[in-house]
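Thank you for making time this morning.

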Amino acid sequence: MPASVSTTHLLSSPRSSRTLRKLQSAHALSSNYAALSTPSLISQQRQQQRNTSSSQSPGPPQIPPLPSQQSHHRTRSNSDAIVPSFTNVGAPPMRRNAVPKKATVTLTPKDELETLVRQGPRGDVPTGLQRLRHLILCDGLDADNDGMSQLRIYVWLILLNTPPLSTDTYLDLIRRGPSPAYSKIRNDTFRTLATNPLFKRRVSEASLIRLLNAVAWRLHDAKVERTSEPGKMINASSDLGSPELQHASPVVKHTQHPPTVTTDGSEAGGAEPGIYVQGMNVLCAPFLYAARSEAEAFVAFHRFITRECPGYVRGAMDGVHKGLVLVDKCLAIGEPKLALYLRSKGMTAEIYAFASVLTMCACTPPLPEVLQLWDFLFSYGAHLNILCICAQLLMMKETLMASPSPTKLLRSFPPLQAKTIIELTLNWVRKIPADVYEELVHHAE
């Protein structure tokens, strides 16, 4: 076969094409081998640095020059990576700027009242007590729709200057069993605020019986001790509360002689000791409703009836009758036209205001309004209850004057509106002469 033909045949076949590509690739690799075997630019630079360093004398390692601030090198892409700062390398760390002090936060009246109750006054006690009264008068205690407040019982204990009492003392009185007035207590407790669902849901009759029976024992023991040792003085720290508040109490500061410590006499016409009178069950009810424990209610109620209104719970209840006379007198001073009209109809306070005077208006619903009214009375004196009754009559003035028989309207007072009653009472105080106001202060002693 001729050589040209064989070559043409080899080129045309697929195997000859693959052989030819292999030969070309080998030729290209062999021609570029010298270029591939030469070091790269980085390798050459490193080799040059080694030669330079080996020719110089050994010494401390040189710190490479810092890069210019204008050359921006891309750092880590992580967002939490710390970007190095080259501005103050080697310099001492800079101090952080002082955080400016926050401005003094002004407390709201409710926060100020809570701070005053929980932490006490920053200055003297009488000034703090006056501030507490002012906050109660202007802003009131924070309470829910049922009248429940976490601070109320503690505010009452402060305003009444109630001495501390161990719970064991109350439990010891309960363990003594029925008191001499137990039967009278049982006859009254079942009908205490019987139509008030809020009271019935929170206070049980058993709780009311225990508290009244414990108070009866306490009054009985005080009477026996006073009878056996008439000249014995009672320790001020145990009965008079805080000495700092003795001259700050709304009632004590007006008293010219030592107030009665315990109740005397007995229920009208009765032979039992003066340790319980009808109506004390209603007077006790708000204390049990507002307190967080029976022991708190016991010490507050006992303090109230023995220091603020002992004349209301004596056997003859002479304090209540004096208060009824003052209702007529104060009504004639503030609203002479209404007073004259009621008198012409034969309506005196003895007829329509006996329960309101005896119970400090606790006999008139709703109970949350009673609690709010008592906040005011404990702040500025329970004697102002007389003027609160006059204020309720003033609110009924148009209806009473238009009625030919106001007796039916006064059988039960309208629902209490504590805020309105307090406003009217404060205005009424300005109309009362000094001598009549002195009678108000002392009528319940």
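Which residues do ring pairs link into a cluster? They are Trp156, Phe287, Phe301, Phe304, Trp374 and Phe378, where rings of Phe, Tyr and Trp (its six-membered ring) pair if their centres lie within 6.5 Å.

Before I go further, a word on what we are looking at: this is a predicted model, in which local features need pLDDT of at least 70 and side-chain atom pairs count only at pLDDT 80 or more, while totals for chains, interfaces and linings use all residues. Residues are numbered from 1 along each chain as its sequence is written, and side-chain values use heavy atoms, with hydrogens and water left out.

As for the overall make-up, the chain has 23 helices and zero strands, both taken as DSSP runs numbered from the N terminus, with helices being H or I of at least four residues and strands being E of at least two. Of the 445 residues in the chain, 40% are buried; buried means under 20% relative accessible area, exposed means over 50%, and partly exposed lies in between, with a 1.4 Å probe and protein chains only. Among contacts (heavy atoms within 4.5 Å) between residues at least 6 apart in sequence, 78% join residues at least 24 apart.

Back to the rings. The structure holds 13 aromatic pairs. In one of them, phenylalanine 304 and phenylalanine 378 have ring centres 5.3 Å apart and planes at 55°, so the pair is tilted, given that planes under 30 degrees apart count as stacked, over 60 as edge-to-face and the rest as tilted. This pair links distant parts of the chain, since phenylalanine 304 belongs to helix 13 (residues 294-308) and phenylalanine 378 to helix 18 (residues 367-380), 74 residues apart. Both phenylalanine 304 and phenylalanine 378 are buried.

Tryptophan 374, leaving aside neighbours within four places in sequence, is in contact with residues including Trp156, Pro286, Phe287 and Met360.

The charged end of arginine 176 sits over the ring of tryptophan 217, 4.1 Å from its centre, and arginine 202 lies over the face of tyrosine 289, at 5.9 Å from the ring centre.

Now to helix 14, residues 318-334, whose buried residues include Gly323, Leu324, Val327 and Cys330. Among the elements that cover the buried residues of helix 14 are helix 19 (385-395), helix 22 and helix 23 (434-442). Leucine 424 lies in helix 22 (residues 418-429) and touches Ala391, Leu394 and Met395, not counting residues up to four places away in sequence. At 21% relative accessibility, leucine 424 counts as partly exposed.

What about the cysteines? The structure holds zero disulfides, a disulfide being a pair of cysteine sulfur atoms within 2.5 Å. For cysteine 363, the nearest cysteine sulfur, that of cysteine 361, is 6.7 Å away, and cysteine 363 is partly exposed at 32% relative accessible area. Cysteine 390, by contrast, is buried at 0%, and its sulfur is 5.3 Å from the closest cysteine sulfur, in cysteine 330, too far for a bond.

Methionine 360 has a positive phi of about 55° although it is not a glycine, and at 2% relative accessibility it counts as buried. The peptide bond from proline 365 to proline 366 is cis, with omega near 0°.

How values were computed: Lys NZ or Arg CZ within 6 Å of the ring centre and 35° of its normal.
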